[in-house]
Amino acid sequence: MKAILKYIKPYSLPISIAVGVCSYFIYRSLPLEPYMRHVTADAVSIIQPVLLFLMLFFSFCRVEPQQMKPRIWHLWLGLLQIVCCATFAMIAIFTSGDEKIVAEVAMCCLVCPPATASVVIIGKLGGNISSGSTYIVISNLIVSVITPLFIPFMHPESGSTFFATFLAMIGKLFPLMLGPLLLAWLVRYLLPALHAKIVTYPNISFFLWLIALSLAMVTASRALMNSNVAGVTLAVMAAVSLGSCVFQFWIGRRIGAPYSDAIAAGQTLGQKNTVFLIWMSYTFLTPVTAIAGGLYSIWHNVINTWQLARHES
């Protein structure tokens with residue numbers, strides 16, 4: 001069994017992606033009653049955050065609390081997120097139609113906070129999990145404050161206000177992020193024997209992430225297949241999301257390199273919380289922009305597959 005696992009481990013990401021995509025199309029072809037599809041969707045919506053919570057908990061158990069301090073590169077990445085958000089939000093405010101949709105897609109892809117799973121990949125690539133975890137907290141705070149400043153002007157017809165949008169985003173982002181962190185610290189200081197046992201299994205977060213990745217690909221496939229977007233618009237959205245993804249992995253590494261943190265900076269800027277991206281699009285923006293979340297999920301996981309294969313070769 002160990003020999004089999006060692007053989008398939010380099011291909012675990014593409015296998016997980018393929019399982020997710022195939023599972024969606026198999027599920028789509030089944031003659032299920034509508035209520036069964038609702039039950040399945042509800043189950044996935046519960047399982048996904050549970051997996052992410054556990055994944056973050058096990059990752060945070062490996063992080064020393066005193067190591068979670070701001071770095072200079074956190075400032076540069078934060079400023080980049082703010083500038084990108086402001087730039088494309090202003091474009092969206094003063095445009096309409098397809099131009100507005102493309103601007104919103106670019107804004108979402110560039111301002112979206114890091115995926116909670118990014119710490120797992122940082123660890124697998126040999127990066128600094130502590131600095132990556134710190135930027136996840138900082139980035140989520142930036143997104144919760146900066147996007148509510150622009151969303152009411154981008155869609156004034158929705159009646160959204162800064163405080164309503166801010167509270168909705170805080171409620172969506174922080175419980176799943178701060179909960180695992182606080183629980184990990186409680187276990188570290190109150191149950192040291194259990195904590196010592198947990199850290200002896202460094203790969204458990206990675207295997208949980210593979211399951212979460214398959215579910216994420218199911219969600220991405222569903223978003224793409226249920227869209228009624230014109231082919232040209234979809235192609236432009238795909239190009240914008242791909243360009244945003246490649247740019248952020250590249251610029252993140254460039255910014256982090258002088259501080260010996262290229263892996264953590266590149267991963268936290270490039271690997272996005274696409275579940276949040278889809279939620280934000282459906283809730284506050286033009287709903288069709290949610291497709292960008294499904295597309296971005298594909299792009300950053302392709303890059304993750306390439307990075308891990310290169311690292312292990």
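Reader: Which helix gives the most to the lining of the largest pocket, and with how many residues?

Author: Helix H3 does, with seven residues; helices are DSSP runs (H or I) of at least four residues, numbered from the N terminus. The model is predicted, so local features need pLDDT of at least 70 and side-chain atom pairs pLDDT 80 or more, while totals for chains, interfaces and linings use all residues. Residues are numbered from 1 along each chain as its sequence is written, and side-chain values use heavy atoms, without hydrogens and water.

Reader: What volume does the largest pocket have, and which residues are closest to its centre?

Author: Its volume is about 820 Å³. Among its 36 lining residues, Gln48, Leu52, Asn273, Val275 and Phe276 are closest to the centre. By class, the lining holds 20 nonpolar, 12 polar and four charged residues.

Reader: Why is H2 called roughly antiparallel to H14?

Author: The axes of H2 (residues 12-29) and H14 (residues 291-312) cross at roughly 155° and come within 9 Å. Angles over 145 degrees count as roughly antiparallel, and therefore H2 is roughly antiparallel to H14.

Reader: Which residues of H2 and H14 meet?

Author: Leu13, Pro14 and Ile17 in H2 meet Asn301, Asn304, Thr305 and Leu308 in H14, where contact means heavy atoms within 4.5 Å.

Reader: How do you know whether Asn301 is buried or exposed?

Author: Asn301, found in H14, has a relative accessible area of 2%. Buried means under 20%, exposed over 50% and partly exposed in between (1.4 Å probe, protein chains only), so Asn301 is buried. Asn301 touches residues including Trp209, Leu213 and Met217, not counting residues up to four places away in sequence.

Note on methods:
Axes are lines fitted to C-alpha atoms, for helices over the stretch in contact, and angles run from 0 to 180 degrees between N-to-C directions. Helices (H or I, at least four residues) and strands (E, at least two) are DSSP runs, numbered from the N terminus. Angles under 35 degrees count as roughly parallel, over 145 as roughly antiparallel, 65 to 115 as roughly perpendicular and the rest as oblique. On a 1 Å grid over the protein atoms alone, a cavity is a set of points where a 1.4 Å probe fits but cannot get out, and a pocket is an open set with protein on both sides within 12 Å along at least five of seven lines; lining residues have an atom within 4 Å of a point. Grid points are joined across faces, edges and corners, and a volume is the space filled by probe spheres set on the points. Ala, Val, Leu, Ile, Met, Phe, Trp, Tyr, Cys and Pro count as nonpolar, Asp, Glu, Lys and Arg as charged, and the others, Gly among them, as polar.
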